[in-house]
Amino acid sequence: MIHDALLIAGKDLRLELRSRVALNQVLPFALLVLVLFAFALDPDKSVLTEATPGLYWIAVLFSALLALQRSFAIESTDGNRDALRLSGLDPAGIFLGKVLAVSVQLVVLEALLGVGVVVLYTSRIDGWVLLAVTSVIATASIAAAGTLYGVVAAGLRVRETLLPLLLLPVLAPVLIGSTRAFEAALNGSPSEGWPWVGLMSIFASLYVVAGIFGFGPLLEES
Amino acid sequence: MTTQLDAATEGLDSTGSRATRVLGVLAIFGLAALALFGLVLSPPDASQGEVVRILYVHVPSATFAYIGCFLTTIGSAMFLWRGSSWWELVAYASAEIATVFTAIVLVTGMIWGRPTWGVYWVWDARLTSTSMLLLLLLGYLAVRRLPADHDVRTKRAAIIGLLLVPNVIIVRQSVQWWRTLHQKPTLLANGVGAKIEGLMLFSLFVGFIAIGLVFAWLLIHRFRLAWLEDQLDDAGLDAAIAERRAEGDVS
Amino acid sequence: MEQTSAALTSGPVVHLRGAVALLGRFPALAGVDLDIDARRIVLLRGANGAGKTTLLRTLAGLVPVAGGDAVVLGVDLVADPRPVRHRVGMLGHATGLYDELTVGDNVRFWARAAGANPTDVEQALSRLGLDGRLRSVAVGRLSAGQRRRTSLACLIARRPELWLLDEPHAGLDQEGRDLVDALVREAVSAGATVVLSSHELDRSLQLADTVVTIAGGIVRPDSILPADQIDGGAR
């Protein structure tokens, strides 16, 4: 399962290196969202600085939707589902590989977006440990739930509209949790943030387990 | 074609039966009793006044919406585990009715909130998580009703149905923390949690019975309708195979 | 893998009795009876929509068998078709290749997924003439014939026991077609079994030893003939 996961993740990341869709399209989109928030909210009244955690995670969430759509678009060529089923790859491995590849891309995106909010919103960064752990857990949650719901929507004509409808309500706890944890870190009271990290860990575990068992049946339908 | 249709639906030409008719009549009497107790016989609340009456519908609806969600998750699990299409239909029917009940909960909650809080909507933990529940249910129904193969729809919807209750629990938990970190849940104190007794408690009890009967009646009919739809799809199979084989004889 | 070759020698590679396969609600296979022994090359004939592609996909374990008996490579497809999948090689109309990856990346990925080692990959690439400049070209930029060669390279790197080829000659030049025939003969002499569908009867009849005609989703016992009889009758 781990071997298959690494093979799939390696393939997806190699494909990203060759096509640079995440780099050339998703990252600029995320930065664009940051700028749009500045247009919508008054940049002089320090609203942006105060609301940085929430705005940051909204930008991450929207970018994650694009990254997930992309992750399944590359598997949507004719005959790809057949090829995957014939490949002998473990479905659980395929799921974990896709989660891993999306996570790696999101972590890179989050780091660059972090630089973006510091520069654009003049936010001050504090509580590094909590920020880093929150990012990792939240990213794993988004990638795991996103990949599971991504395959539910995959291969359908309505997939672009269906995925946000399915995924965003489910990710509400992750948005709340990551935002509160970031607020706690930036306000210098990290102890308030850790329970949220705990809640998101439960969420991530739930979806990793669901994906490991659910991916096989979803791949099976012809 | 008509003969096969008849054969498939033989013994069950409608979604009604004697049992469901009795159930339906009981549900009507239950609702009449609820109206009588809720609107006429029970006294206005000391602090909430007349507004309290809406809770006799609101609270039982919420309970049965949750029961519908549990049935959806259990049905989806049984379908994925055992391949039981009976349970799949239970999950689907429950999800649809849970959606209706959740919508009733939200609407009655907002109508109740307006005189109580002065606004239709507050970011109260229950209200927020109920609205998220409605969106989760709509997501399930969107997948279950996809214009795609039956197998595709049911399997994909079952995965979402399986995760429905875990999702609701996590969403509720997160929303509760989210609201209580910033303000004490004072709104809840004079809401449903307040102590009720006597005729008011009995009215609420009548509400549970009446809404429960309506829920059961709707669920049985919705299930049978979905089952008939499936039968209709299956009815053509033998004929289709014969037709297909005949193609070979001609050529 | 050792057990599987034992199972292979014990009975026919393909054994179908009244096999029914549904595409949605449509019975694409409406009761197929077919036995194929090891090391055979079987040509499937039939009009468009007769069920050739569905039969090949059913043998690959991709379409569930809804009725009848079906055993392929000793695996009961009715019970669970999954164990047969990594042992067959399927070449269909759709390639399943990743357009943005190079030829080398694609072959390496699909071969490694099936557990092949790097030398198998190199041999497959050079056998198909893809070890030169084409190796580092993205699949999206290839012609239809070059894509087909890439798919074939993926297939032979997997060393399948049963080859299922849907129109393998389509879109290939003369040299490519000769290469397909040579690969098929090599595979059979190495112990594999081949089922192919083709509209190019002349070429396929020279390759195949058995011809199966499928019509209306069924195969009749009298429609399974040795290839030389068909050859004589057609001319």
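Student: Which residue stands opposite C:Val195 in S8(C)?

Tutor: Heads-up: this is a predicted model, where local features need pLDDT of at least 70 and side-chain atom pairs count only at pLDDT 80 or more, while totals for chains, interfaces and linings use all residues. Residues are numbered from 1 along each chain as its sequence is written, and chains are lettered from A and ligands numbered from 1 in the order in which they are written. Strand S3 (residues 41–45) of chain C runs parallel to S8(C), strands being DSSP runs of E with at least two residues and helices runs of H or I with at least four, numbered from the N terminus. The residue standing opposite C:Val195 is C:Val42.

Student: How many bridges join strand S7 of chain C to S8(C)?

Tutor: Two strands pair if DSSP finds at least two bridges between them. S7(C), residues 162–166, runs parallel to S8(C), with C:Asp166 standing opposite C:Ser197. The number of bridges joining S7(C) and S8(C) is 5.

Student: And which helix does the chain pass through from S7(C) to S8(C)?

Tutor: It's a β-α-β crossover, and a right-handed one (strands pointing away from the viewer, the path from the first strand over the helix to the second runs clockwise). The helix on that path covers residues 174–189 of chain C: H7.

Student: Are the residues of S8(C) buried or exposed?

Tutor: Buried takes 20 or more other C-beta atoms within 10 Å of a residue's own, exposed takes 12 or fewer, and partly exposed is in between, with C-beta atoms placed from the backbone. C:Thr193, C:Val195 and C:Ser197 point one way and C:Val194 and C:Leu196 the other. In a regular strand the side chains alternate between the two faces of the sheet. As 5 of the 5 residues qualify, S8(C) is largely enclosed by the rest of the structure, its residues being buried.

Student: How far apart are the end C-alpha atoms of residues 89–113 of chain B?

Tutor: UniProt's unreviewed entry lists 89–113 among the "transmembrane region" spans of chain B; such annotations may be inferred rather than shown by experiment. In the model, that span is 100% helix and 0% strand. Its end C-alpha atoms are apart by 35 Å.
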